[in-house]
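The following exercises concern a single protein chain. Please study the sequence and the structure before working through the solutions.

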Amino acid sequence: MNLKQSFRMAFKSIRSNRVRSLLTMLGIIIGVAAVIIMVSVVRGSNQQLRAYYERLGNNRITVSAQQWGGRDISQTLYDYCLSLGPLVLGVTPDATTEGPIIYRDKNTEDMEHGSPTIKLGSAQFSLCNNFQIEKGRDLCQMDVQSGQQVVVLGERAARYLFNYQNPVGKTVLLHGHPFEVVGVYRAKDPDSEYSMDNMAVVPYTLNRLLNRQSTLDAFTVRAASSAATAEVSSRVSGFLKGQIDTERGYFSVYSENQDARRSDERNRMMSMVLGGIASISLLVGGIGIMNIMLVTVTERTREIGIRKAIGARRKSILAQFLIEASVVCGIGGLLGIALGVAGTLIAGQLILRAVILPDLPMSAGAFLFSVAMGVGFGMYPAAKASKLQPVVALRAD
């Protein structure tokens with residue numbers, strides 16, 4: 001019997017026992033679908049987190065430091081970060097102030113998801129925080145040095161206040177003070193409810209005007225590379241240890257690269273755990289395949305005896321039953337992949353509110369694994385069938 005005839009007989013056997021074959025496949029279908037859905041959702045979540053960190057800006061270091069009842073070290077820290085030269089692309093204070101932005105009859109306190117965050121930054125704020133100018137210009141060093149009352153709006157804040165008008169050159173009120181809009185940042189987080197684009201930036205030298213203080217205790221540093229990020233973090237930590245008495249102050253230095261790596265590791269571990277749990281269904285399905293193939297061998301004992309009596313070799317009997325088990329598992333794997341794709345689309349919308357599809361290598365791997373399970377779990381029934389003696393097989397009822 002050639003390979004083509006073996007496959008034809010396998011499909012004929014499945015068609016003649018449709019319900020039993022479907023029930024046999026059920027464990028494989030559920031197992032493959034569960035693995036695909038769980039791994040795809042975790043991978044989609046990881047991709048969203050990576051995209052979030054990319055929007056924030058790579059190689060960012062957040063530095064916080066304060067000395068209670070002592071000297072203000074903010075300028076010293078700022079100057080030290082700038083002195084690190086080629087290791088550092090930019091440094092900006094990371095201070096905020098509360099309050100609405102008002103333009104004519106528009107007040108950002110009426111915005112659906114809250115008033116914009118008002119940041120106080122340097123001329124390097126956009127570089128450090130991965131913003132790009134869409135209209136007008138960015139803050140410049142002259143604005144910072146002279147404390148000009150100018151503001152650069154995030155896309156969402158600009159859209160709420162000005163709709164389709166060009167905001168550049170218009171005057172808005174912050175804390176009751178007039179500020180000229182000199183630019184608008186390009187949207188980088190347009191689909192989020194609490195978007196990064198719902199913000200505005202003014203020179204940090206206006207901290208006394210807006211916050212009634214001049215002290216700055218937080219900075220964002222943008223390192224030149226991942227390797228530079230670790231070195232800059234180490235150097236800044238060493239510098240602050242020599243500047244701050246920890247009994248009368250505090251400091252912290254951390255890189256968001258570390259957060260991204262921890263997130264990757266956590267999601268990778270979760271993917272493995274969830275994939276392992278779902279694989280138990282595949283194991284149960286494989287046991288079901290073995291069970292049904294043993295039943296098939298019992299039902300077809302006389303057929304096996306006749307075939308061996310007329311000259312069928314043991315390896316052809318073995319191949320026939322292995323092919324039948326593989327075909328059952330392969331069809332179950334294909335149905336599982338189809339169910340997994342549909343389930344992934346639904347889960348992606350419900351959990352992540354995004355369109356997620358399983359990648360091709362994982363789907364191909366799931367199919368090949370299901371076929372391999374057919375070979376593995378079908379080996380014992382196939383070997384049992386091939387070892388039957390013709391006389392004993394022909395004597396069976």
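**Exercise 1.** Which residue in β12 is the bridge partner of Gly90?

*Solution.* This is a predicted model, in which local features need pLDDT of at least 70, side-chain atom pairs count only at pLDDT 80 or more, and totals for chains, interfaces and linings use all residues. Residues are numbered from 1 along each chain as its sequence is written, and side-chain values use heavy atoms, with hydrogens and water left out.

Step 1. Strand β2 (residues 88–93) and strand β12 (residues 218–223) pair in the antiparallel sense over 5 bridges; strands are DSSP runs (E, at least two residues), numbered from the N terminus, and two of them pair if DSSP finds at least two bridges between them.

Step 2. The bridge partner of Gly90 in β12 is Arg222.

**Exercise 2.** Determine which parts of the chain the aromatic pair of Tyr103 and Phe162 ties together.

*Solution.* Step 1. Rings of Phe, Tyr and Trp (its six-membered ring) pair if their centres lie within 6.5 Å; planes under 30 degrees apart count as stacked, over 60 as edge-to-face and the rest as tilted. The whole structure holds 6 aromatic pairs.

Step 2. Tyr103 and Phe162 form a tilted pair, 4.3 Å centre to centre with 45 degrees between the planes.

Step 3. Tyr103 lies in strand β4 (residues 101–103) and Phe162 in helix α6 (residues 155–162), so the pair ties together parts 59 residues apart in sequence; helices are DSSP runs (H or I, at least four residues).

**Exercise 3.** Is Tyr103 buried or exposed?

*Solution.* Buried means under 20% relative accessible area, exposed over 50%, and partly exposed in between (1.4 Å probe, protein chains only). Tyr103 has 6% relative accessibility and therefore counts as buried.
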